[in-house]
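Let's take a walk through this structure together, one site at a time.

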Amino acid sequence: MARALERARQSAAEGEVPVGAVICRDGRILGEGRNRPIALADPTAHAEILALRAAGRAEGNYRLPGSTLYVTLEPCSMCLGAMVHARVERLVFGAPDPKTGAVGGCVDLTHMPIHHHRIAVQGGLMAEECGTLLRDFFRARRARS
């Protein structure tokens, strides 16, 4: 999660919402990502999606069984759906997202009967650090407005 926080700080420095993600398997990083929808003019350029893309390229496969995705903020429904399709085994997130979180913050989509794959979820890892980074980012943004 510390590495995901580093990626989130990079996003914040570029004016993007500070979210970072890292995918690992067997102690090895497969892919990393950070929020970049503004820079890439791409609404799907969330940290998790970019990490999944990087891991898929590194593995030569869109399926990532046995992997764990660490992300600083509870994933949205788009990102959770991508994780299901990638067969991510485990999701570990930092701060909860009561507005758009899809694993309990706003809605819980992890046990939908339509999903053919179940992801083990652990929330709250380094939640204080992750949440503080987000709160500080939005506080500074509001102060500039």
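Let's begin inside the protein, with Cys-79. This is a predicted model, and in it Cys-79 is buried, with a relative accessible area of 0%; the label follows because buried means under 20% relative accessible area. You will find Cys-79 in helix H4, which covers residues 77-86. Leaving aside neighbours within four places in sequence, Cys-79 is in contact with His-46, Glu-48 and Ile-49.

How accessible is His-46: buried, exposed or partly exposed? At 22% relative accessibility, His-46 counts as partly exposed, because that class lies between the 20% and 50% limits. Setting aside neighbours within four places in sequence, His-46 is in contact with Asn-35, Cys-76, Met-78 and Cys-79.

In the unreviewed UniProt entry, "active site" covers Glu-48. Glu-48 is placed in helix H3 and is buried, with a relative accessible area of 4%. Which residues surround it in the model? Leaving aside neighbours within four places in sequence, Glu-48 is in contact with Ala-21, Leu-69, Val-71, Leu-73, Pro-75, Cys-79 and Met-83.

Two packed helices are described by the angle between their axes and the distance between the axes. Here, the axes of H3 and H4 come within 9 Å and cross at roughly 20 degrees. H3 and H4 are therefore roughly parallel to each other, because angles under 35 degrees count as such. H3 passes H4 in a left-handed crossing. On the H3 side, the contact is made by Glu-48, Ile-49 and Leu-52, and on the H4 side by Met-78, Cys-79, Ala-82, Met-83 and Ala-86.

Helix H1 (residues 2-13) and helix H5 (residues 127-144) have axes that come within 11 Å and cross at roughly 0 degrees. That makes H1 roughly parallel to H5. Leu-5, Ala-8, Arg-9 and Ala-12 in H1 meet Glu-129, Cys-130, Leu-133 and Phe-137 in H5.

Our last stop is Arg-28, in strand S2 (residues 28-34). At 45% relative accessibility, Arg-28 counts as partly exposed. Not counting residues up to four places away in sequence, Arg-28 touches Ile-23 and Glu-59. To place Arg-28 in the whole model, find Gly-105, which is 77 residues away along the chain; the C-alpha atoms of Arg-28 and Gly-105 are separated by 29 Å.

Key
Residues numbered from 1 in each chain as written. Predicted model: local features only at pLDDT ≥ 70, side-chain atom pairs only at ≥ 80, totals over all residues. Heavy atoms only, no water. Buried < 20%, exposed > 50% of the residue type's maximum accessible area, 1.4 Å probe, protein only. Contact = heavy atoms within 4.5 Å. Helix = DSSP H or I, 4+ residues; strand = E, 2+ residues; numbered from the N terminus. Axes fitted to C-alpha atoms, helices over the stretch in contact; angles between N-to-C directions. Parallel < 35°, antiparallel > 145°, perpendicular 65-115°, else oblique. Left-handed = near helix turned anticlockwise from the far one by under 90°. UniProt positions renumbered as here; feature names shortened; annotations may be inferred.
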